[in-house]
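Here is a short note for a reader who has not seen this structure before. The points can be checked one by one against the view below.

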Amino acid sequence: MRYQGREVDVEGRVRLVMESALTARDRVGVQDFVLLENYNSEAAFIENLRRRFRENLIYTYIGSVLVSVNPYKELEIYSKQQMERYRGVSFYEISPHVYAISDNTYRAMKTERKDQCILISGESGAGKTEASKKILLYYAVTCPTNDRMETLGNRLLQSNPVLEAFGNAKTLRNDNSSRFGKYMDIQFDFKGAPIGGHILNYLLEKSRVVHQNHGERNFHIFYQLLDGADDDLLSTLNLERNPQSYRYLVKGNCPRVSSISDKNNWKVVTKALDVIGFSTEEVQELLDIIASVLHLGNTLFGEGEEGETYITTETQLSWLAKLLRVDGSALKEALTHKKLTAKGEEMISPLSFEQAVSARDALAKAVYGRTFNWLVEKINRSLAIKQDEIYHSGKGSSVIGLLDIYGFEVLQHNSFEQFCINYCNEKLQQLFIELTLRSEQEEYETEGIAWEPVQYFDNKIICDLIEEKHKGIISILDEECLRPGETCDASFLEKLEDTVGGHPHFVTHKLANGKTRRVMSREEFRLLHYAGEVNYNVSGFLDKNNDLLNRNLKEVMCQSDNQILSCCFRREEVIDQKRPEMAASQFKNSLMRLMEILRSKEPSYVRCIKPNDAKQPGRFDEVLVRHQVKYLGLMENLRVRRAGFAYRRRFEAFLQRYKPLCPETWPSWQGKLVDGVSTLVNHLGYKAEEFKLGRSKIFIRFPKTLFTTEDALEAKKPEIALILQKSWRGYREWAKYQRIRHAVIVIQSGWRGMKARRRANRRRHAAELIRRFIKGFIYRQEEYCPENEYFLDHVRCSFLKKLSKNLPRSVLDKSWPTAPPSVVEASEHLQTLHMRNMVIKYCRRVQPEWKKQMMQKVVASELFKDQKELYPQTVGRLFLDSRLEREQISLKVLQTLGSEKVQYGVNVVKYDRRGFKPRARQLLLLNTFAVLVDRTKIKQRIDYSTLRGISVSSHRDGMVVLHVPCEDSKQKGDAVLHCSHVIELVTKLSMLASKTNYVNISPGSIRFAITRSKEGIIDFIRGSELKVAKGKRGHLLVTTPQIAAT
Ligand SMILES: Nc1ncnc2c1ncn2[C@@H]1O[C@H](COP(=O)(O)OP(=O)(O)O)[C@@H](O)[C@H]1O
Ligand SMILES: [Mg+2]
C-alpha cells in the first residue's frame, strides 16, 4: 500500500509510527501547522497547504483541529485497512486523517465518558458532508456491534442517501450541496457500541422548491423519481419522464448533471427507505406528495375580465386533489381566495393573480418543507434507542454529535437564506473561538503554566448585530413583519438604517462611502462578517420571514387523508389564533439550542477547504484558499495555539520518542517521568526559555528546538535501527528455535509413544502366546481342543517347517526328522511320498548308458555284496564296455568269430589245470559264448548254455573258475583264470549267459574239474600280496592280500 509516498505494510505500521508526524516535514511541509516556523505568515500557511495538496496529502492539523482540502477525486485512504491503522493509535503518532479525529473522539468518549461532538465547517462544496459520511462509516465499521446494532448502523448509514435525496441539490458550487443543516447524535452504550441516533435538521432552503438559479437544480428527489421510477409508478402519479415538463424543474435549465446518476440514486434511495423501515403505504404517500409538488408547479392561473383569478389547468387540479387526498373544489377555492377575520367575522376575498401564484408557491414550499421535517422525524423514530436498551445502557451511554451544517456562502445574489446561513456560521465561529481558547487556557491551567493572553478577533460584535433583542437585525425584521400597516422589504431596509446604521459592521448604499456605494445596489445591505463582506438583497426578506400560508390553504391541507400530510398540517394550527414564530427567530432559537448542545460536549473540529470553484482535482486556487483560511479563522487558531508554546507532548510520549538521545534515559528510564524528561532536555541542552515542564506535559516554545531534537533523532536512527534489528533478529531466531524445538519434542514424543505402544502390543501379544503355549503344552496329550489347539498347531507347523528345511536330498539319504506324536502318521506319509518323488525324479533323469551300468551294478551287488571282500572296493568304479580296445584283439580272431559281436573283452591269466602254469590270454564275451584267445588263436570256446557254474572266492583275489562240462571231449575242462576285473567280468558274463544263479562264491577252497574224473583245488591263504603258485599238495595256492590290490 502506498501512503505518503512510502511503502506501508504490516511492519510498515510500526515504521510509520516510529517515524511519526514530525519527520514528514522534510518531505511535504509540516503535518501540523503548529510546527510552522513562521506561524504568522499566511503565505507560509498556504504554501504548506499547497505543497501537501500537490502530494494528495489533504489533511493537516492545527493542534487538534483537522484541516481538510477537498481533493475532488477518489483517494485510496479510506479503506478498511486504513481504518484499522487508525484504530486505537495516538492522535499525533500517525499522519493526519479524518479517521484519527474520529478515533480520538471515540476513545475520549469511551474513556472519559464525556459527550463529544465533531464540528465540520467550511464553505459549500468544501467536503463537509463527505467528511461526516466518512466519520459515520468509520464508526459503523470499527465499533463493536451486535445484531440489533448492525441494523442500527445500517440505518444510520442509510439515513444519508434519503436525507440527501430530499435535502440536497446541485448548486453552482457543489453538485451535491446540502440545502439544510444537519446535526446528528450517535449514542453509544458503555461498551462503545452504537445503540441509537438522533438527527436535528436546520432551515431547509425551501425557496429552491419553486425557484432555482441558472445552472442549479431543484432537490435531487424530483429528478430521481422521474428518471428512476418504472412506468407504472409514473402513470399512477400522472407524471411524465421528462423533467423539462415541470415548471418547478426548468428554472435552472439544468435537468442533468454528469456527476450524478439519478436512476442509480433512485434505487439507492428506495432501498434505503426500506432499510430505515418505511412501509409501502408510507413510501406511496411520500411519492404522492413529491408528485403533487410537481403538479402544483404546473397549476396555472388566468385573470378574468373583472380582475378575478381562476385556475386554467383543471385536470392538473384534479390530479393534485387526488394526490394530496383533499377535496378538489375546496383546494380550488383556497388557491384563488383568502379568508380574513375582521371584527370576529370571517370574510372571503379573491386573490389577485400575483397573490394566487405566491399562494400556490407557498403551498408547494410548505408541503415540501413540512414533509422534509416529517421525514427526519420518521428516521429519528427508526434510530431511537429502544426502551430496553435504555435500561441496559443506563446512564453509561454517551453521545458523539456530528455537525454538518451549510458553510459560509457568498453568492451573486444573496437573500434571506444566505443571511441565515452566514449568521449560523458566525455563531459557530464564535463557539469555535470560545471553545479553542477555553481549552487552551484550561490546558495551561491544568498543567500549571501561566496563561499568556492572545490577541484574536472576537466576532461577538457581529453576532450581536444580528441577534440582539430589540436592536438586532432579526428583531427588526420580525417587527417589520408584524407591524400593522403597509410594510415592504424597502421599509425594512430603512428601519435597519435607522436602527443599526452606525454599527461598524453594517453598511447600506445610503450609508456607504463612494467606493462601496458603487458596488452596492439600493436594495442591499452589507454585513462585514468575520469571514468577509456580504451584500444581502432585502427583496423577499419579509415574505420569507413570514413564511405565511393562507389560512384556507392550511384548512384544506388539514383535511388531507394522506397520513404524512395530516401529521404535517395540524388542526390546532388553524384553530390557534396566535401568530407562529417568524422564520428568522425560529432559526435563531434553534441555533441557540444547538450552541447549548455543542457547548455541553467536548468538541473536535474538521475545517474543510475548497481548493477551486471548478470542482477540479489537482487545482489549487490560491486566492480562493486564502479567503477561506481567513474566514475560517485558521491563522487565528494557529496563533492561539502557538501563543505560548509551539509544541506539547505528554511526558511518556516525549520520553519514549527521544530517549535514545541520552545515555541516562536509554534504553529505559526507571524513575519519575518528569525527571526523565528533564534529564533528557538537560542532556540535549535546552535553554530555560525554550521549554516548560507542566504536570504531565512538556511545552516547547519554538519549533526550531523540536526540529533540532528531531534531526538528532534522525541521525541516531541508523544506530537504533541496528539495535532493533539485532534484537529483532535475535528474537526471530530464538522464536524460530523455540518453534523447531517444540516441533521436535512433539514429533519425538509422538514417535516414542508410538514405539512404546507397539512394544507394549508386541509384549501383550507375546505374553498371550506364551500363555496359550504353556496351556497347550499341559493339554498336549488331550484331543485337539481349544486349550491345546494353538500349541498343537504350532508343533505341527514348526515340524513341517523344520521338515521342509531338512528333507533328504538323495535317495540314499535315509535320514528323516523325528515327528512329534501328533504328526507321526502324517510324517510317515510324507516320508513315503517324498521318497517316491525322489525316486521318480531320479529315474526320469537316468540315461540309457547309465541304466545299463546300473543294471550291471545291481546284478553285481546282488551277487557280491557281503559275499566277496573285494566287492566294496569296486562299487565306486564304473564298469566299462570292454577292457580291450578293438585293435588289441587280433583280426584273425575277429574274422573267425565272423558276425558274432564281441560284447566284452579283458586280459586274463589262465592257469593250466595241471601244472598251474600261468598263460596270458584274452577273454572275449560274445552273445552266446565266450572265447579264450591266445594272441591270434582261439584256445577255448565256452558256450553259455553249457556253462555249469562260475566260482570265485570270497576274498580279495581275482581268481575265477568257469565250470564247463567234461563229458565233451572237445572241452578242455574248467577254466582257471585270474582277472584284475573279476567283479566286472563275472557280472557281465553271468548277465550275458543269464546265469546269475550259477555264480558261486566260496569262502574256502574252490574245486574244479581237470578231467571228467579228476579234480583240482584252489586254496586261499591270507598274505601280504597276491601270489598264485603251485602249493605243496598239488593245489593251486592263492595268497590273497589283506589290502586291496585290484
Ligand atoms: N474526501 C474527499 N474525497 C474525495 N472527494 C471529495 C472529498 N470531499 C469532498 N469531495 C468531493 O466534493 C464534493 C462536495 O463535497 P460535499 O461534502 O458535498 O461538500 P459540502 O458538504 O461541504 O458542501 C463531493 O461530492 C465529492 O465529489
Ligand atoms: Mg454538504
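1. Ligand contacts. A polar side-chain atom of Tyr 78 lies 3.0 Å from a nitrogen atom of ligand 1.

2. Ligand surroundings. Ligand 1 is surrounded by 16 residues, and the closest are Asn 70, Gly 125, Lys 128, Thr 129 and Glu 130. A residue is counted as near when one of its heavy atoms lies within 4 Å.

3. Basis of the note. This is a predicted model, in which local features need pLDDT of at least 70 and side-chain atom pairs count only at pLDDT 80 or more, while totals for chains, interfaces and linings use all residues. Residues are numbered from 1 along each chain as its sequence is written, chains are lettered from A and ligands numbered from 1 in the order in which they are written, and side-chain values use heavy atoms, with hydrogens and water left out.

4. Helices α12 and α15. The axes of α12 (residues 280-297) and α15 come within 9 Å and cross at roughly 160 degrees. That makes α12 roughly antiparallel to α15 (angles under 35 degrees count as roughly parallel, over 145 as roughly antiparallel, 65 to 115 as roughly perpendicular and the rest as oblique). Axes are lines fitted to C-alpha atoms, for helices over the stretch in contact, and angles run from 0 to 180 degrees between N-to-C directions. Helices (H or I, at least four residues) and strands (E, at least two) are DSSP runs, numbered from the N terminus.

5. Helices α15 and α23. Helix α15 (residues 353-383) also has a contact with α23 (residues 551-558), their axes coming within 11 Å and crossing at roughly 45 degrees. That makes α15 oblique to α23. On the α15 side are Ala 359, Leu 363, Val 367 and Arg 370, which meet Leu 553, Lys 554 and Met 557 in α23; contact means heavy atoms within 4.5 Å.

6. Helices α34 and α37. Helix α34 (residues 848-864) packs against α37 (residues 982-992) at an angle of about 105 degrees, with the axes 9 Å apart. That makes α34 roughly perpendicular to α37.

7. Backbone points to check. Most residues other than glycine have a negative phi, and most peptide bonds are trans. Arg 325 has a positive phi of about 55 degrees although it is not a glycine, and Arg 325 lies in the loop between α13 (314-324) and α14 (328-336). The peptide bond from Trp 666 to Pro 667 is cis, with omega near 5 degrees. Pro 667 lies in the loop between α29 (651-658) and α30 (673-684).

Definitions and conventions: Polar contact = N/O pair within 3.5 Å; in protein donor to acceptor, adjacent residues only side chain to side chain.
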